[in-house]
Amino acid sequence: MKIRKYHDSDINSIIDLLRLNTPDYFSPTEEKDLVDYLNNHSGNYYIIEVENKILGCGGFNLTDDAEIVRISWDIIHPQSQGKGIGSELTKFRIQRIKEIEGIKTISVRTSQLVYKFYERFGFEIKEIARNYWADGFDLYRMDCDINSIGRG
């Protein structure tokens, strides 16, 4: 298993991963948002590969408040879900985030379909907004104090 930085040449593979997870975990309307993210905000976006095949991706971004980092756009190949790939990628990013001075909170905006994954790391639900991402896809905003984040 190898984790590396995202490269622009990865975009088609990432879109393919998103499509494999649509409509189970993502709305079809979210694809354009992902493309915008990859084109404009992917400085801390990572790829997880096994045998040179991209099986997952995810990133993080600093918010305007220099004390909060937001985990973003986690996507795992459907056949690799539940096999520890998402956990490894999350642990990797948490470690990277802890290296940034002044960060106090890690936040994630996810859905009712995945929030339990983040609870394992110590994230707590702070806000729920029904049909936020699209019809049937609720926003679950979750936060965790950087000093108490768990191992997953």
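Helices, of at least four residues, and strands, of at least two, are DSSP runs numbered from the N terminus. On this basis, the protein chain of the predicted model comprises 4 helices and 7 strands. Their order from the N terminus is β-α-α-β-β-β-α-β-α-β-β.

The overall dimensions were examined next. The radius of gyration is 15 Å, which agrees with the value near 15 Å for a compact globule of 152 residues. Along the principal axes, the C-alpha atoms occupy a box of roughly 35 × 35 × 30 Å. Of the 152 residues, 45% are buried. Among contacts between residues at least 6 apart in sequence, 63% join residues at least 24 apart. The chain carries 20 positive and 24 negative charges, and their mean positions lie 4 Å apart.

Aromatic side chains form 10 pairs in the structure. One of these, Phe-26 with Trp-73, is stacked, at 5.9 Å centre to centre and 20° between the planes. Phe-26 lies in the loop between helix H1 (11–20) and helix H2 (31–40), and Trp-73 in strand E4 (residues 68–76), so the pair ties together parts that are 47 residues apart in sequence. Phe-26 has 11% relative accessibility and therefore counts as buried. Trp-73 is buried too, at 18%.

Tyr-132 and Trp-133 form an edge-to-face pair, with 4.8 Å between centres and 90° between the planes. Tyr-132 is partly exposed, at 40% relative accessibility. Trp-133, at 24%, is also partly exposed. Elsewhere, one aromatic cluster is formed by Phe-117, Tyr-118, Phe-121 and Phe-123.

Terms used
Residues numbered from 1 in each chain as written. Predicted model: local features only at pLDDT ≥ 70, side-chain atom pairs only at ≥ 80, totals over all residues. Heavy atoms only, no water. Phe/Tyr/Trp six-rings, centres within 6.5 Å; stacked < 30°, edge-to-face > 60°. Buried < 20%, exposed > 50% of the residue type's maximum accessible area, 1.4 Å probe, protein only. Rg over C-alpha atoms; globule rule 2.2 N^0.38 Å. Contact = heavy atoms within 4.5 Å. Lys, Arg positive; Asp, Glu negative; His and termini not counted. Charge placed at Lys NZ, Arg CZ, Asp CG, Glu CD.
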